[in-house]
Every structure is written in structure tokens, then in C-alpha cells.
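Visitor: I am new to this structure and would like to be shown around. Could you put it on the screen before we start?

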Amino acid sequence: MENQKVQIFDTTLRDGEQVPGCKLNKEQKLIIAQHLDELGVDVIEAGFPVSSPGDFESVQSIAKIVKNATVCALTRAVKNDIEIAAKALKYAKNPRIHTGIGTSDSHMKYKFNASKEEIIERAVNAVTYAKTFVDDVEFYAEDAGRTDNDFLAEVCSEVIKAGATVLNIPDTTGYCLPEEYGAKMKYLSENVVGIEKAILSCHCHNDLGLATANSIAGVINGARQVECTINGIGERAGNTSLEEVVMILRQHPTLGLDTHINSRLLNEISHLVSDSMGMIVQPNKAIVGANAFAHSSGIHQDGVIKNRETYEIINPADVGVNESSIILTARSGRAALAYRAKKIGYELTKLQLDVVYREFLKVADRKKEVIDDDVHFIIETSKIGILA
Ligand code: KIV
Ligand code: ZN
């Protein structure tokens, strides 16, 4: 049976760009949007046009150049926001308006000072109005993670009646546990009236480090869109990482789910976003961190040199990394040293390796990492010619 497709909704340029101090200019946004389109994302959330003239212009320019993906713009459940978003999306081949309102008790009370009935009315009015501009309208129930499931199902049923095509269920505060978020999706897929006319979308924040786990729980339980960012960037602890979701689905074919993403472009776009935002990727970040395919302990290095599958579940080439790296440290063994020596042109006999290894350990105890120049120097000064 063919895998079912999960839509990838990239919000690097909207929710991702809300990282404090990491502003992108219009040119940088256009380049990233082009790369996202080539990567194969289904939806690019280009911005929040009413927020500033600069954001309006960026969304408008992205809408003009994107060839394949749907281009989406965020709004509040406010008429003026929706009109401005529709204007910014005018030239998009496939435009989507993403509108919504908070549905949790705390959002209703403190942000809107509104009753449940008033929240439903505003939600329905926003979707109805957005539908007068575009066919594709996504509704978000902000803070759905902390919203009562019955009320959430009621809001979702009403906005579907008004024409919503996608229901976004954000865990805005990154509070849910995977079981809880998965159960929420299951409940909605079984209790929202008219759910067959819309798809459920995961939008998870990473405040407890669970954004990816929650998104995966969401798709296992019926969601068919994941909202995510490159490198998991975003406000506070960030959003779900696009690269993690894509590779989890790919590495677990038994889930029967996949995406349209060309994973070989992941490493390149990770660097592009990191460089453009001036935001480094933590070295141990899954899939795209500098150490994601680097091995430094002797036991692991020996295994990987014999067969990389011993300690690698992903072929680095599948995510655009040339090859795994063997890092020489004081924890490395002879196999790693011989491997690196060979890479720089030395074929050492067993006896030669014994001598060079003793010298290598002295250097390794002094340094964090022994680089190729050090290996070259150790071999040339080890007088192994006499032993050979
Ligand atoms: O986290 C959130 O709730 C959001 C919505 C505005 C979609 O980003
Ligand atoms: Zn968000």
C-alpha cells in the first residue's frame, strides 16, 4: 500500500522569524522561500502582512515568485487583517489565508474577555470573510493544547461549516504530552462534524522539548499537515523541526506516512537559514547539527569504519551530508587513527600504527581534537621509517 502524504507547512518566515533579535530582510526571505519551494514543502507561511509594511511587501514578493507551494499569510480574526492578507496574496498561484482566535479559557478570559459563544461567532465571521477572497482558508484555534476538547470540537465544526479547509490545532505554549496531543487529534477526527471536508494540522511549540514528538503523535492519530520550521527556530524554545519530522517519517516506513520533501536538500537549507538569521545550530541538533554524523569514541568509530549501519540510522547522503566524520580525540582507537592517516595518504603497517598511536595519545590528551595536520606531524616525526 502506498504511503499517505503528510503536508509540510513551513513557517520559518513567520513563526520562525519571531526569534528575538534575528530579523530577515526581504531579499533573504525571498531566497529562503525559493529554497523552500525547491525543497518540496507544500505550504510556505510567508508572514503576517498586517504587522508591518515590510512584512506586507515580503509576502507580496514571495507570492509572486513561488512556483509550486501554496503561499499562506497569517491574520487575526479581524476584518482589516484579512483584507490586507488577501491583498498581499493577490499574485500567489495558490493563496491561503490563515486566520484564527484563542480558544483556551485563559485566552478567552484575559486576551478577549469574551464568552465561548462570542469566540465561535468571531471565528466563523473570520473564516466566512476570508472565504470571500480565497478558497483555501486555514483556521487556527490558538492555545488548542490547553483548550477543552469538547469546546474545541464545537469551534472546529462551526468553522468547517463556514468553509475552513484546514484546522490548525496549535500547542501554542508547548505544554502537551505526546499522548495527550495525539488523543486530542483522535478526538477531533472522531467528533468534529464535517471533518471529511478539512484536514487537521499539528502546530507544536518546543517549551518542554516535545514539539517533534507531539507532531508525530498528531499525525499517527489522524493529522495530515505538520507546521514546522527549518532548524526548529521560533520564539522561546522554538517550533517543531521540519528536518526531524521529515526524517522520522522516512526512517519509519511502518507508519505508512511520508512527505514530498527532497531530504537531500535539508543540510543546505539548514545552513542557509542559520547564516541568514545569524543563529547557530546547536552541534548536537538531530539531522542537521555539526555532530549529527560525527563519531568520536573508539568503540563507535571502530564500528562505523567496519560498517556505518552499526551506529548510524540515517545515511548522511540522504540529508545532503557528504559522509560521516571520524573525529580524533583521546577516546579514539587505532582503527580511527589508521582510517584518518589513510585519508591523508599514509598506509601504516601494524607496527608503525603502534608507534604512531602512542605519540597520538600524548597529543590527544593535550588537545580537544586532533586534526589532520597533527596526524601528519605525528607520523612524520615518529621515526617509523626505521621500523617499516
Ligand atoms: O503558536 C500558535 O498558536 C501560532 C498561531 C498564531 C498559529 O503560531
Ligand atoms: Zn506558533
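This is a predicted model: local features need pLDDT of at least 70, side-chain atom pairs count only at pLDDT 80 or more; totals for chains, interfaces and linings use all residues.

Visitor: How many helices and strands does the protein have, and what does its C-alpha trace span along the principal axes?
Guide: The secondary structure comes to 15 helices and 12 strands. Along the principal axes, the C-alpha trace spans about 90 × 40 × 40 Å.

Visitor: What share of the residues counts as buried?
Guide: Among contacts between residues at least 6 apart in sequence, 72% join residues at least 24 apart. A residue is taken as buried if 20 or more other C-beta atoms lie within 10 Å of its own. Of the 388 residues of the protein, the buried share is 46%.

Visitor: How far apart do the C-alpha centres of domain 1 and domain 2 lie?
Guide: The domain assignment gives domain 1 as 4-277 and domain 2 as 294-380. Their contact takes 8 residues from domain 1 and 6 residues from domain 2. The distance between the two C-alpha centres is 44 Å.

Visitor: Which element gives the largest share of the side of domain 1 that touches domain 2?
Guide: By class, that side of domain 1 has 3 nonpolar, 3 polar and 2 charged residues. Helix H9 (242-251) and helix H10 (266-277) each supply at least two of its residues. The largest share, 3 residues, comes from H10.

Visitor: Which residues have the most contacts inside the largest nonpolar core?
Guide: This core has 93 residues. Apart from it lies another core of 16 residues, including Ala338 and Val356. Ala46 touches, among others, Leu13, Ile62 and Val71, not counting residues up to four places away in sequence. The residues with the most contacts inside the largest core are Ile44, Ala46 and Val71.

Visitor: Which residues surround ligand 1?
Guide: Strand S6 (136-142) and strand S7 (166-171) each supply at least two residues of the shell. By class, the shell around ligand 1 has 2 nonpolar, 4 polar and 2 charged residues. The surrounding residues are Asp15, Tyr140, Glu142, Asn168, Pro170, Thr172, His203 and His205.

Visitor: What name does UniProt list for residues 6-267?
Guide: The span is 42% helix and 18% strand, and its end C-alpha atoms lie 21 Å apart. The UniProt entry is unreviewed, and it lists these residues as "domain: Pyruvate carboxyltransferase".

Terms used:
Residues are numbered from 1 along each chain as its sequence is written. Chains are lettered from A and ligands numbered from 1 in the order in which they are written. Domain bounds come from an automatic or database domain assignment. Two residues are in contact if their C-beta atoms, placed from the backbone, lie within 7 Å. Helices (H or I, at least four residues) and strands (E, at least two) are DSSP runs, numbered from the N terminus. Ala, Val, Leu, Ile, Met, Phe, Trp, Tyr, Cys and Pro count as nonpolar, Asp, Glu, Lys and Arg as charged, and the others, Gly among them, as polar. A residue is near a molecule or strand if its C-beta atom, placed from the backbone, lies within 6 Å of it. UniProt positions are given in the numbering used here, feature names are shortened, and annotations may be inferred rather than shown by experiment. A residue is buried if 20 or more other C-beta atoms lie within 10 Å of its own, exposed if 12 or fewer, and partly exposed in between; C-beta atoms are placed from the backbone. A nonpolar core is a set of buried Ala, Val, Leu, Ile, Met, Phe, Trp, Tyr and Cys residues joined through C-beta atoms within 7 Å.
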